[in-house]
Amino acid sequence: MTDWTNRVQEISGVNPRKCMKCGKCTATCPAYDQMEYHPHQFVDMVCTGRVEELMASKGIYTCLGCFACVERCPRSVEPANLIEAVRLAVIRQQGGNHMKPDQIPGLLNEELPQQAITSALRKYSKGG
Amino acid sequence: MQSRVIEKAASLLESGACTRVLGWKAGAFFYDVTPAVFTCAQEVREQMVFNPFCGANLSKYLIAESRKEGRIAVFLKPCDTFSFVQLQKEHRIARDKVWAVGVQCRGMCDIDSLKELGLKGVTAVEEAEDDLRVTTLYQEKTISRKEALSPRCHTCKSRKLLDCDELIGDQGQDLPSSRFAQVEALEAMTPEERFAFWRGELSKCIRCNACRNVCPACSCEKCVFDNPNSGVQNKAAASSFEENLFHIIRAFHVAGRCTDCGECTRVCPQHIPLHLLNRKFIKDMNEFYGPYQAGGDFDAKPPMLAFTLDDPEASIITNGRDGQ
Amino acid sequence: MQRIGVFVCWCGSNIAATVDVETVAQTLAKEPGVVFSTDYQYMCSQAGQELIQEAIREHRLTGVVICSCSPRMHEATFRKTVEKAGLNPYLLEIANIREQCSWIHKDKLTATQKAVILGRAAIAKVQLNAPLTAGKSPVTKRALVIGGGIAGIQTALDIAEAGFPVDIVEKKPTIGGKMTQIDKTFPTLDCAACILTPKMVDASQNENIDIISYAQVEKVQGFVGNFSVTIRKKARYVDEHKCTGCGLCTEKCPQKKVPNEFNLGLDNRRAIYIPFAQAVPKVATIDPNYCAMLKSGKCGVCAKVCTAGAIDYKQQDQLITREYGAIVVATGFEPIQLDKFDEFAYSQSPDVVTSLEFERLMNAAGPTGGTLLRPSDGKHPHTLVFVQCVGSRCDGAEKGKSYCSKICCMYTAKHAMLTREKYPDTEVYVFYIDVRTPGKNFDEFYRRAVEEYGVHYIKGMVGKVTPQDGKLKVQASDLLGGRQLRIDADMVILAAAIEPDKTARPLATMLTASMDTNDFFTEAHPKLRPVESPTAGIFLSGACQGPKDIPETVAQASAAAAKVIGLLVKDSLTCNPCTAKPDELMCNGCSSCEKVCPYGAITYVDKSFRGPNRTTLIRRVAQVNPAVCQGCGACTVACPSGAMDLLGFSNQQILAEVDAICR
Amino acid sequence: MQVNETFTPTIVAFCCNWCSYAGADLSGTNRLQYPANVKIIRIPCSCRLNPMFILRAFQRGADGVILCGCHPGDCHYTTGNYYARRRMTLLFSLLDFMGIERERTRVEWVSAAEGAKFAATMNDFTQTITRLGPNRRLEDLRCKVE
């Protein structure tokens with residue numbers, strides 16, 4: 001099992017082994033048609049250690065985060081949380097800080113709430 | 001009051017209504033009043049007393065006395081009557097062999113309370129309405145009765161005389177009592193402070209057994225601590241178990257049966273406030289299982305011998321009542 | 001001085017792999033009183049037992065400690081072993097070094113040390129063991145069966161056949177249970193009523209069986225062989241003995257709008273009703289919630305039309321108290337409520353039904369007379385979608401049931417097959433997670449549905465059902481086909497999970513029978529004693545113990561009956577000798593023990609004792625009836641003087657164990 | 001808080017024969033681990049537990065005592081655990097009143113089907129007691145004044 005597999009499970013707090021492969025997540029997913037991998041496949045790929053493939057896929061960005069799969073999953077697997085964790089893994093994998101504190105003064109803007117900048121800093125800086 | 005009590009006792013013997021009278025007589029000192037059984041009127045007139053130092057609860061002695069031939073008359077103060085009822089509930093007293101005379105009480109005094117007032121060498125105390133006339137080797141002084149009261153009488157819970165065949169003085173009522181104040185004060189402390197408090201108190205214990213011997217609830221045919229089959233027998237404080245836990249076991253054994261008469265603390269030569277352990281049980285039982293007064297009536301089921309389906313779990317203690 | 005023998009069992013490698021049994025035996029040999037100590041592969045084997053017996057004789061042992069599996073496993077075995085060697089069976093103690101040591105620890109040193117301590121505790125206790133003799137208690141030769149479904153009927157019939165009287169208590173007005181509502185049975189497809197109703201008639205005609213219908217158990221007292229049960233027979237406002245079951249009243253009653261529970265509310269019945277044509281007993285019952293006469297005193301039509309004069313508006317609930325030797329629980333199951341699964345639109349559309357409702361819609365005696373019609377518009381449905389595992393196999397109680405309801409795969413296959421057979425113009429989809437068919441001819445049955453009847457089995461789950469324009473829009477996934485399906489269905493049938501009947505929990509409390517977290521009754525042993533409750537004298541029949549289909553239910557029902565018969569043929573039972581025993585010399589006579597005894601085993605007598613100086617004292621002392629005492633020990637702690645002790649678990653024995661563990 | 005790494009507490013678990021002892025067996029059958037510090041004493045019912053036994057265990061060196069019985073309502077003897085519940089609640093309250101750490105004693109209801117709960121309870125309780133450290137206070141109550 002790769003590091004990323006563990007990392008994704010750690011970030012999401014999801015245990016993909018609870019999945020009983022019923023496919024209700026996929027059946028319930030409104031973004032099905034736009035997806036390369038479908039929710040039950042996400043879970044399976046994390047389970048079988050294919051996270052790198054998943055991280056390379058554009059499909060992970062088609063999840064709307066509507067949480068219908070989380071709501072309806074009979075086994076409390078929470079596929080959407082897993083997908084979000086994969087996205088975070090991608091960001092972290094890219095290593096360097098995508099945003100540095102000294103960028104903030106430049107970004108300040110009356111239209112933009114400062115809290116959004118702080119959140120962005122948290123999300124886009126290394127090791128967050 | 002004293003004369004009425006003595007006259008009543010004497011007439012009960014003279015009329016043959018009773019063969020014996022259980023009352024109080026003076027000991028080596030005037031304040032050192034002890035329980036006594038009188039068999040003739042003359043004895044009563046010579047020796048019997050009823051003064052502000054008759055704190056002793058006589059109900060316990062009825063267990064043995066009511067088994068004997070003939071009827072015995074007994075004088076009971078309000079708090080003693082609770083023990084009297086409780087012991088009847090436990091089938092310990094043959095009620096038909098007892099003539100119970102209720103004596104109203106205005107609170108009993110304590111020589112220690114007098115000493116605390118700075119009165120040394122006290123030789124006599126006389127009642128005068130709400131005051132006491134104290135004679136010492138050095139002076140005569142009138143003090144208010146309240147000042148001389150035994151600590152337990154400050155938090156008297158009731159002046160009701162239960163289950164008496166006749167009364168001397170008026171029937172009384174339940175009183176609003178702050179008897180749990182000291183328990184609450186301890187509860188408010190940190191565990192460390194409570195531990196320090198009890199370590200300080202219990203390490204004074206000399207295992208004289210006075211608390212057990214005077215307690216009306218501790219009237220077992222044979223105490224577990226004297227019983228070789230109990231596995232915890234020990235008469236002296238030889239094994240650490242007793243020193244350690246005698247008081248916990250004792251408090252547990254009388255839980256739900258203790259009427260809160262306070263005799264344990266009164267007789268403790270080391271002045272350990274033992275009644276606080278019993279009061280803690282009473283307070284907990286009241287809070288957890290509803291108000292209950294041991295000996296308060298003949299019907300209520302003692303909380304230790306009853307239950308409800310939704311009693312609080314023991315975790316209420318572990319997790320803290322405030323959910324700590 | 002005691003002469004104790006210690007026997008350490010390897011249990012093959014079960015113990016020996018983690019506990020150094022030799023060291024345990026050698027260490028325990030040094031304990032005071034131990035004169036013999038050994039280890040052996042299987043103490044419970046013939047050879048092992050002989051080894052123990054030989055040691056008892058050779059070393060004149062006065063006590064035996066066996067370090068082995070749980071006493072719940074082999075205590076009885078070893079008691080017999082030592083008894084055969086001439087030792088009182090209660091001079092034996094078992095140290096549980098398997099379940100509570102070797103199986104839970106990995107480190108050999110730790111496990112060995114713990115095994116030694118457990119052995120020491122057992123030795124410390126056995127030092128104080130006294131020989132005990134079991135008493136006898138009589139057996140009431142009558143059984144009670146609670147629940148009159150197929151499980152209860154079968155159990156009652158088998159017990160009655162063996163010649164013992166048996167009562168069936170059924171809460172509904174008729175016996176028959178869930179099976180009466182089922183149309184056909186898998187895998188043979190014979191009609192449920194055709195095989196059930198003869199059994200119902202058998203039960204009603206068997207002179208050993210007394211059916212107490214429309215009744216509930218109210219109170220249970222006593223213990224194995226000697227139960228006393230109070231049954232509340234609810235007022236049905238009809239004299240059962242006079243009613244001929246002609247049914248005229250049920251046609252004339254003006255209150256027509258009562259939801260018919262037999263058809264799951266899919267149609268209506270009258271306020272006076274006979275649940276169905278083959279009901280047993282076939283007598284009418286007035287529903288007090290709807291009867292105008294009972295509610296407002298204005299009507300009385302049924303009384304006027306009843307030629308038998310059976311109507312009795314003044315009838316009261318009746319309390320019946322009877323004695324039984326054994327009690328069988330056969331309370332069965334209910335489908336779960338579906339309010340947590342609103343994605344399937346059960347509450348939004350009448351065309352979304354449960355499988356049990358579908359049974360009624362297919363049944364000739366059902367609301368549609370056996371023609372499959374949509375409840376919403378009475379039209380013939382063309383596309384049917386079956387959803388399996390609704391509420392089964394869920395994670396945690398807030399989602400649904402954690403278990404597999406077991407029967408749904410098969411009845412869904414049956415429904416799909418029957419639909420296709422009767423209506424070849426329909427398209428039938430079954431959404432499954434797994435198809436579970438472990439049963440005789442079960443998988444063949446399922447394959448027939450797929451292969452011969454062309455049912456579309458789709459691996460995947462339905463995500464959402466939306467009622468729209470008279471159709472049910474079903475959004476689902478086909479996991480194997482890798483596509484998302486959108487089906488316009490006419491009906492959706494949900495295979496709802498099943499759960500124990502709601503009356504089971506309070507009943508379990510009355511019976512002191514244990515239940516699992518799902519409210520299924522716990523069996524005494526999951527493999528070896530599947531039809532007995534851990535509470536002696538209580539037996540389990542049917543789905544109250546776990547989801548079951550009909551053949552399994554009947555098998556278990558007969559097994560429970562066999563166990564009951566085995567109990568009732570005995571004239572007396574050997575009592576538990578570990579009973580409370582008061583020391584009269586110490587007893588205060590205070591009645592504390594009497595107040596906490598759940599069995600009323602304690603009474604008081606006035607007894608004379610020798611007092612000092614040749615006097616005689618009369619004292620009130622407690623006495624325990626050893627046949628009634630079950631040995632819980634509540635009295636021993638309630639007793640302030642410690643006069644009450646428990647044989648086999650005495651204060652000194654337990655304190656000795658405590659000391660041995662803590663030293 | 002400093003944790004003594006080398007401290008291995010002695011824990012006595014009183015288990016009723018019908019539910020909790022069977023639950024303990026089940027956790028063994030399922031190979032669910034819990035610390036070897038826990039030693040089980042079988043009693044017929046939780047109501048057999050005399051406070052004396054608990055105090056004795058502490059006095060002889062136990063660091064924690066736990067009582068396990070059938071869930072309320074499930075007692076094999078119908079009512080035993082209800083009495084046990086009252087007794088233990090009051091006893092624990094008194095111990096707390098005397099300043100003994102309230103986590104040293106515990107009551108937990110474990111059914112015959114709850115092997116996992118038994119193991120989890122014992123793991124948790126052992127952790128708690130390890131954190132508390134050795135039992136001193138009950139012994140110290142008898143100590144001479146410093």
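User: Let's start with the open five-stranded sheet in chain C. Which strands sit at its edges?
Analyst: In this predicted model, the sheet is open and its five strands pair in parallel, in the order β20-β27-β21-β22-β23 of chain C. An edge strand pairs on one side only, and that holds for two of them. The edge strands are β20 and β23 (456-459) of chain C.

User: How much does that sheet twist from one strand to the next?
Analyst: The strands in question are β20, β27, β21, β22 and β23 of chain C, taken in sheet order. From one strand to the next, the twist averages 25°.

User: And which residue is the bridge partner of Val385(C) in β27(C)?
Analyst: Strand β21 (residues 383-390) of chain C runs parallel to strand β27 (residues 491-496) of chain C, and five bridges join them. One of the bridges involves Val385(C), and its partner in β27(C) is Val492(C).

User: Which helix packs on the sheet, and what angle does its direction make with that of β20(C)?
Analyst: That's helix α12 (residues 355-362) of chain C, which touches β20 and β27 of chain C. Of those two, β20 is an edge strand. The direction of α12(C) makes an angle with that of β20(C) of about 95°.

User: Moving to Gln348(C): why does it count as partly exposed?
Analyst: Gln348(C) lies in the loop between β19 (333-335) and β20 (352-354) of chain C. A residue needs 20 or more other C-beta atoms within 10 Å to be buried, and 12 or fewer to be exposed. Gln348(C) has 13 within that distance, so it comes out as partly exposed.

User: How far apart in space are Gln348(C) and Thr466(C)?
Analyst: In sequence, the two are 118 residues apart.

User: What share of the contacts in chain C between residues at least 6 apart join residues at least 24 apart?
Analyst: For background, chain C has 19 helices and 34 strands, and buried residues make up 53% of its 663 residues. Of the contacts between residues at least 6 apart in sequence, the share joining residues at least 24 apart is 70%.

User: How do helices α7 and α16 of chain C cross, right-handed or left-handed?
Analyst: Helix α7 (residues 150-161) of chain C packs against helix α16 (residues 550-568) of chain C at about 35°, and their axes are 8 Å apart. Among the residues that meet are Ile150(C) and Ala151(C) from α7(C), with Ile550(C) and Val554(C) from α16(C). By class, the contact has ten nonpolar, four polar and one charged residues. The crossing itself is right-handed.

User: Which element gives the largest share of the side of chain C that touches chain D?
Analyst: Here 43 residues of chain C are in contact with 46 residues of chain D. The elements giving two or more residues to the chain C side are α5 (98-102), α6 (108-126), α18 (634-638) and α19 of chain C. The largest share is eight residues, and the element behind it is α19(C).

User: What about the side of chain C that touches chain B: how many of its residues are charged?
Analyst: This contact takes 20 residues from chain C and 15 residues from chain B. Elements giving two or more residues on the chain C side are α17 (592-596), β33 (616-624) and α19 (651-662). By class there are nine nonpolar and eight polar residues, and the charged ones number three.

User: Which element of chain B has the lowest mean pLDDT?
Analyst: Chain B averages a pLDDT of 89, with 94% of the residues scoring at least 70. Strand β4 (residues 72-76) of chain B has the highest mean among its elements, 96. The lowest, at 76, belongs to helix α11 (residues 240-253) of chain B.

Note on methods
Residues numbered from 1 in each chain as written. Chains lettered and ligands numbered in written order. Predicted model: local features only at pLDDT ≥ 70, side-chain atom pairs only at ≥ 80, totals over all residues. pLDDT = per-residue confidence, 0-100. Helix = DSSP H or I, 4+ residues; strand = E, 2+ residues; numbered from the N terminus. Contact = placed C-beta atoms within 7 Å. Nonpolar A, V, L, I, M, F, W, Y, C, P; charged D, E, K, R; others polar. Pairing = 2+ DSSP bridges. Axes fitted to C-alpha atoms, helices over the stretch in contact; angles between N-to-C directions. Left-handed = near helix turned anticlockwise from the far one by under 90°.
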